[in-house]
Amino acid sequence: VEAGRLDLDTPVADLVDDFATVQVLDGWDGDAPRLRAPAAPCTTRHILTHTSGIVYDVWNAEQTRYMAAIEGVPTLSGAIASLQCFPMTFDPGTRWAYGPSTDWVGRVVESVTGESIDAYVRREILEPLGMTSSGFELSEVADRAVGVHANTPNGFAVIEMNLPPTPEFYGMGHAMHTTGPDYARFCRMVLGGGELDGNRVASADTIAAMSVNAIGDLRLTAQPTSNPALGCDIDLFPDVEKTFTLGFMRNEADIDGMRRAGSLSWAGVMNTHYWIDPTAGIVGVVMMQHLPFVDDAAMATYGSFERAVYAAA
């Protein structure tokens, strides 16, 4: 966008050919899903803000039913065919719901730049920020990787949950690994208006554009789980109005003893959380590496950590 090569309101299908076949799930004829064309084109702005209508099956019962009906390929497979297993569940721009839109963002960048997303991210973000423990192939840091833990019928235990090496495509909603210190460098770059330690990776205008509400009158709503083993209901700060920027959740009011209004945040499914508070000049990263996502224990730990940070500030 900075280089003038991408307009966020360009339809995704104009940039990535196979997006043209993504339709809206409009109900069921018995056990057969009924699909239709979207009422309006889905744009890059929609996929950046999770207003595309494309949702994860973990937090959408209709998508879970659809995956079962078509014997769908999961996103973590690394197969490009998995993207066709996630239709829109509502027309673009009409609601907010979390899903694999970010996978399509990676494919848009590849289309515009003519470069693989892993090479692009390494050159444009990881190398300038000195994020030497971040990347796309876990084999590069396998000797330091923390096992994924989960609440199982046999108690809290390590589970096997690895991404396939050298997949057909790197899904940008899940395909990277990092460390706490590395990810804090990324957050500090955002806090610094696109620059860290004298290295600029984005213009101040770009970071400003990524820091404001980008979904208008829409608001984040609770995402009820349809797979509690993987993720609990998502309802972060339920009493606080929340919007979404071109990349982050934004709380529109101060949270007592914690982040200020206008803070930016999100998380990874293994309970890897971060926030960026421009008003207080604080970033925080806490990585727990366990499932289910946002369970009570994880959120209690996250909350205690954040409150301790602000109490000491």
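A salt bridge is a side-chain nitrogen of Lys or Arg within 4 Å of a carboxyl oxygen of Asp or Glu. Keep that in mind, as D91 and R36 form one here, with 3.0 Å from N to O. D91 sits in the loop between α2 and α3 (101-113) while R36 belongs to strand β2 (residues 32-36), so this pair ties together parts that are 55 residues apart in sequence. One thing to know before going on: the model you're looking at is predicted. Let's go through some salt bridges, then a helix, then a couple of single residues.

**Salt bridges**

- Counted by the rule above, there are 14 salt bridges.
- R36 comes out at 27% relative accessibility, so it counts as partly exposed.
- Another pair to look up is R259 with E306, whose side chains meet at 2.7 Å, N to O. R259 lies in the loop between β8 (249-251) and β9, and E306 is part of helix α7 (residues 296-312), so here the bridge ties together parts that are 47 residues apart in sequence. Both R259 and E306 are buried.
- E124 and R123 also join their side chains in a salt bridge, at 3.0 Å from N to O. E124 is partly exposed, with a relative accessible area of 29%. R123 is partly exposed too, at 38%.

**Helix α5**

- Does the length of α5 agree or disagree with what you'd expect? Helix α5 covers residues 180-191, which is 12 residues, and at 1.5 Å a residue it should span 16 Å. Its end C-alpha atoms are 16 Å apart, so the two agree. If you try this yourself, multiply 1.5 Å by one less than the number of residues.
- At the start of α5, a side-chain oxygen of T179 comes to within 3.2 Å of the backbone nitrogen of D182.
- Which residues of α5 are buried? They are D182, A184, R185, F186, C187, M189 and V190.
- A handy bit of background when you look at a list like that: an α-helix has 3.6 residues a turn, so residues three or four places apart point the same way.
- The elements covering those buried residues include helices α4 (117-129) and α6 (204-209), along with strands β5 (195-196), β9 (264-268), β10 (272-277) and β11 (282-287).
- Just after α5, look for G193, which takes a positive phi of about 70°.

**S134 and its partners**

- S134 is in the loop between α4 and β3 (148-152). Its relative accessible area is 9%, so S134 is buried.
- What does the side chain of S134 make polar contacts with? One partner is the side chain of T178, at 2.7 Å. Another is the side chain of D182, also at 2.7 Å.
- Leaving aside neighbours within four places in sequence, S134 is in contact with L126, H177, T178 and D182.

**R65**

- You'll find R65 in helix α2 (residues 61-70). With a relative accessible area of 35%, R65 is partly exposed.
- Not counting residues up to four places away in sequence, R65 touches W28, G30 and D31.
- R65 and P33 are 32 residues apart in sequence, and their C-alpha atoms are 9.0 Å apart in space.

Note on methods
Residues are numbered from 1 along each chain as its sequence is written. This is a predicted model: local features need pLDDT of at least 70, side-chain atom pairs count only at pLDDT 80 or more; totals for chains, interfaces and linings use all residues. Side-chain values use heavy atoms; hydrogens and water are left out. Helices (H or I, at least four residues) and strands (E, at least two) are DSSP runs, numbered from the N terminus. Buried means under 20% relative accessible area, exposed over 50%, partly exposed in between (1.4 Å probe, protein chains only). Contact means heavy atoms within 4.5 Å. A polar contact is a pair of N or O atoms within 3.5 Å; within protein, one must be able to donate a hydrogen and the other to accept it, and residues adjacent in sequence count only if both atoms are side-chain atoms.
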